[in-house]
Amino acid sequence: MTPVILAVHFPAKKLAKLRMAAMRQGAQVRVVEKWDLNAVGSLTGDLGSFESFYDGEDFPGELLVFAHFSDTQLNLFLQAMRAAKLPLVALKAVLTDENMGWNVLELHEELLKEHETLHKN
């Protein structure tokens with residue numbers, strides 16, 4: 001499968017740099033809008049699609065989800081992000097069997113907890 005990057009809450013200028021880096025690596029970028037905060041796996045094409053639209057609370061900040069990347073591809077892409085001088089994105093995840101059924105809000109909450117734990121003091 002083609003590598004896919006879900007980009008949540010990305011401003012246009014930053015999104016353009018992300019897309020350029022992705023294109024060089026043969027990956028696709030899918031912009032996730034507020035009304036599209038369904039199961040992560042449905043957004044990457046790994047689960048069936050959902051016909052509902054989300055109309056609840058949103059969250060601040062950016063989030064990236066990487067799907068269908070080998071370890072080597074992911075490392076190369078992260079290097080390409082640095083080379084493109086893309087500002088740091090604190091919350092990043094790789095699609096797993098565990099998180100593919102979570103909605104984007106659940107994934108954000110889990111990543112935020114992990115980030116806060118890692119960056120205490």
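The axis of a helix is taken here as a line fitted to its C-alpha atoms over the stretch in contact, and the angle between two axes runs from 0 to 180 degrees between their N-to-C directions. The structure described is a predicted model. In this model, the axes of helix H1 (residues 12-25) and helix H3 (residues 71-83) come within 9 Å and cross at roughly 140°. An angle over 145 degrees would count as roughly antiparallel, and one of 65 to 115 as roughly perpendicular; H1 and H3 are therefore oblique to each other. The crossing of H1 with H3 is right-handed.

The residues that form this helix contact can be named on both sides. H1 contributes Leu-18, Ala-21, Ala-22 and Gln-25, which meet Leu-76, Phe-77, Ala-80 and Met-81 of H3. Classified by residue type, the contact of H1 with H3 comprises seven nonpolar residues, one polar residue and no charged residues.

A pair of aromatic rings is described by the distance of the centres and the angle of the planes. Rings pair if their centres lie within 6.5 Å, and by this rule the count comes to three aromatic pairs. In one of them, the ring centres of Phe-66 and Phe-77 are 5.8 Å apart and the ring planes stand at 65°; since planes over 60 degrees apart count as edge-to-face, the pair is edge-to-face. Phe-66 belongs to strand E3 (residues 63-67) and Phe-77 to helix H3, so this pair ties together parts that are eleven residues apart in sequence. Both Phe-66 and Phe-77 are buried. Together with Phe-69, these two residues form one aromatic cluster.

Phe-66 is also among the contacts of Lys-92, a residue of strand E4. Leaving aside neighbours within four places in sequence, Lys-92 is in contact with Leu-64, Phe-66, Leu-78 and Leu-111. With a relative accessible area of 30%, Lys-92 is partly exposed. The C-alpha atoms of Lys-92 and Lys-120 lie 18 Å apart in space, while the two residues are 28 residues apart in sequence.

Attention now turns to the loops. Asp-58 is placed in the loop between helix H2 (40-44) and E3. Its relative accessible area is 32%, and Asp-58 is partly exposed. When residues up to four places away in sequence are not counted, Asp-58 touches His-9, Lys-34 and Leu-37. Asp-58 and Leu-105 are 47 residues apart along the chain, and a distance of 7.7 Å separates their C-alpha atoms.

His-9, one of the residues touched by Asp-58, lies in the loop between strand E1 (4-8) and H1. This residue has a relative accessibility of 27% and counts as partly exposed. The backbone of the model can be considered next. Most residues other than glycine have a negative phi. In His-9, however, phi is near 65°, a positive value in a residue other than glycine. Lys-85 likewise has a positive phi, near 55°, and is a residue other than glycine. The position of Lys-85 is in the loop between H3 and strand E4 (92-94). At 65% relative accessibility, Lys-85 counts as exposed.

Terms used
Residues numbered from 1 in each chain as written. Predicted model: local features only at pLDDT ≥ 70, side-chain atom pairs only at ≥ 80, totals over all residues. Heavy atoms only, no water. Helix = DSSP H or I, 4+ residues; strand = E, 2+ residues; numbered from the N terminus. Parallel < 35°, antiparallel > 145°, perpendicular 65-115°, else oblique. Left-handed = near helix turned anticlockwise from the far one by under 90°. Contact = heavy atoms within 4.5 Å. Nonpolar A, V, L, I, M, F, W, Y, C, P; charged D, E, K, R; others polar. Phe/Tyr/Trp six-rings, centres within 6.5 Å; stacked < 30°, edge-to-face > 60°. Buried < 20%, exposed > 50% of the residue type's maximum accessible area, 1.4 Å probe, protein only.
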